[in-house]
Structures are given as structure tokens and as C-alpha cells.
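This report describes the architecture, metal site and charged pairs of one protein model. Please examine the sequence and the coordinates before reading on.

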Amino acid sequence: MAFVLPPLPYAEDALAPHMSAETLHYHHDKHHKAYVNKTNELIGGEHGLNGASLTQVVREARRGGDNKLFNNSAQLWNHSFFWQCLAPAKGQKPDGKLAHLISDAFGNSDAMLAKLKEEAVNHFASGWAWLVLDRGALRITSLHDADTPVVHDGMVPLFTLDVWEHAYYIDYKNERPRFAETVLSNIVNWEFVAENLDGRGLDRADQQPTTQREAETTV
Ligand code: ZN
């Protein structure tokens, strides 16, 4: 049984110039793929995790203190969620129920984006900035390295921004603030973020393992 690399939900050059095809090529086809491969290698046989879904693997790895498996499977899930959080730039803005929740929590969407950017920029070293639903209200936070809402009860994921250096180095060199500002202002998939208000965000980046033969032909 094996997990697969989910295909990008848009063409490799669809987010340019805000995120280049070269970045997507390395980030998705190399980094994300490496987490898929490593997860598959680590669950090969001995864990009794055959048939477990990706989120079950992430939780079991955390529970059992298997850091290597946790880091790789959590990064597999985090990236699968992240790609869906982005969409080609079309002047999109949050609306409907999401816009109301944003006003309640932050005043307006510019203030919310400024806070998300601040969280992303000030997060020390590698990790992820998150917009989550916490007991019915929006909250901005960040998690270190591979840490993920999958193992945090009550953290309903709505949106994430990858702030690992591999996410921005090709396009922005060391300028994480410019990367965060550009992505947040232009290429967020607010429809996906709004969909996640139903509390099913975890499922949208989950997957069931497939047989190795299928996995090989899919990727
Ligand atoms: Zn990444």
C-alpha cells in the first residue's frame, strides 16, 4: 500500500508571476514528492499501518513518538492542503460568511491579511502560518517544522502559508515578507478557504493508500 503525490489543482505556470513554474516544479515535484516517497518507505510493512489513511498515519506517528514518520507524513498532508489554498490571480477576495467571520475577528480583510503576514514573517525558521477556526471564531497562528492541525484537536484548518525557505527562495531569495505579501494579496483560493468552514478541511488533504502498482502509474 502506498500514498501518492496529489497532482497540482492548476498548471505549473498558473500562479506566475507571483509563484513561478520553477518554484512549483521544485516545491511540488521534488520536495512534496520526497515526503510522499519517504512516508511510503517508512510505513513499508512493519508499522501495522497498512490500509490506514494519511491522517491516521500522521496521528499514529505522533502518538507513537515516531518523529521521522510524523515529519514526512505531516508534510505530505500539509502540502496537499497548501496547494488547494492557492489559485491563479483573478482579483479574488473573501466574501459571504467568511467575510463576516473576518470582520468579526479582525475588523476587515486587510487587517486579517496584515496579521497573517506578520505571523508568517515572524515565525522563526521553518513552519506554516495558519488561519483556523477555533470554537466558531477565526484565529491566526503558526506551527513549527512539520507540525500540523491533523494532531491538534479543535484546530479546524481553513488556510495555510508554507514559510519553509524552499517555498520562496527561487522567486524571492531570502525575502519572506515580500513572498508572504504577494501570495496573500494575489493568489489565495478564498473559495477553498470558505469551503473549509464546514469543518472538513482535514479530509480535503487526506487520502487512502492505494496498491503500489496503482501508485506507480499515478505519479
Ligand atoms: Zn513546502
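How exposed is E181, in terms of relative accessible area? E181 is partly exposed, with a relative accessible area of 39%; here buried means under 20% relative accessible area, exposed over 50%, and partly exposed in between, with a 1.4 Å probe and protein chains only.

## Basis of the values

The model is predicted: local features need pLDDT of at least 70 and side-chain atom pairs count only at pLDDT 80 or more, whereas totals for chains, interfaces and linings use all residues. Residues are numbered from 1 along each chain as its sequence is written, and side-chain values use heavy atoms, with hydrogens and water left out.

## The sheet

An open sheet is formed by 3 strands in the order β2-β1-β3, with antiparallel pairing. Strands (E, at least two residues) and helices (H or I, at least four) are DSSP runs numbered from the N terminus, and two strands pair if DSSP finds at least two bridges between them. The edge strands, each pairing on one side only, are β2 (137-144) and β3 (156-162). On average, neighbouring strands of this sheet are turned by 25 degrees against each other, direction ignored.

Strand β1 (residues 127-134) is joined to β2 by 8 bridges, and G127 stands opposite H144 in β2. Between β1 and β3, which also run antiparallel, there are 6 bridges; A129 has L161 in β3 as its bridge partner. Of the 7 residues of β3, 6 are buried.

## Helices on the sheet

Helix α3 (residues 67-84) packs on the sheet and touches β1 and β3, contact meaning heavy atoms within 4.5 Å. The direction of helix α3 makes about 90 degrees with that of β3. Axes are lines fitted to C-alpha atoms, for helices over the stretch in contact, and angles run from 0 to 180 degrees between N-to-C directions. Helix α5 (residues 109-122) lies across β1, β2 and β3 and runs at about 15 degrees to β2.

## The zinc site

The zinc ion has as protein donors H27 (NE2), H79 (NE2), D162 (OD) and H166 (NE2), which lie 1.9 to 2.0 Å from it. Donors are N, O and S atoms within 2.8 Å of the metal (3.2 Å for Na, K and Ca); water is not among the atoms, so sites may look incomplete. The arrangement is tetrahedral because the 4 donor atoms subtend angles of 90 to 128 degrees, the criterion for four donors being that all angles lie between 85 and 135 degrees.

In sequence, the donor residues follow the spacing H-x51-H-x82-D-x3-H. H79 in helix α3 and D162 in strand β3 are 83 residues apart, and this pair links distant parts of the chain. Both H79 and D162 are buried.

## Salt bridges

The structure holds 10 salt bridges, each a side-chain nitrogen of Lys or Arg within 4 Å of a carboxyl oxygen of Asp or Glu. Side chains of opposite charge can pair when their charged atoms come close. One of the salt bridges joins E181 and K117 (3.0 Å, N to O). E181 lies in helix α7 (residues 176-186) and K117 in helix α5, so the pair ties together parts that are 64 residues apart in sequence. K117 is partly exposed, at 26% relative accessible area.

Within helix α1 (residues 21-43), K38 and E41 lie 3 residues apart, about one turn of the helix, and their side chains meet in a salt bridge (3.2 Å, N to O). K38 is partly exposed at 28%, whereas E41 is exposed at 54%. R139 and D134 also form a salt bridge (2.7 Å, N to O); R139 is partly exposed at 33% relative accessibility, and D134 is buried at 15%. A network of salt bridges links D134, R135 and R139.

Terms used:
Four donors count as tetrahedral if all angles lie between 85 and 135 degrees; four count as square planar and six as octahedral if opposite donors are over 155 degrees apart and all others between 65 and 115; anything else is irregular.
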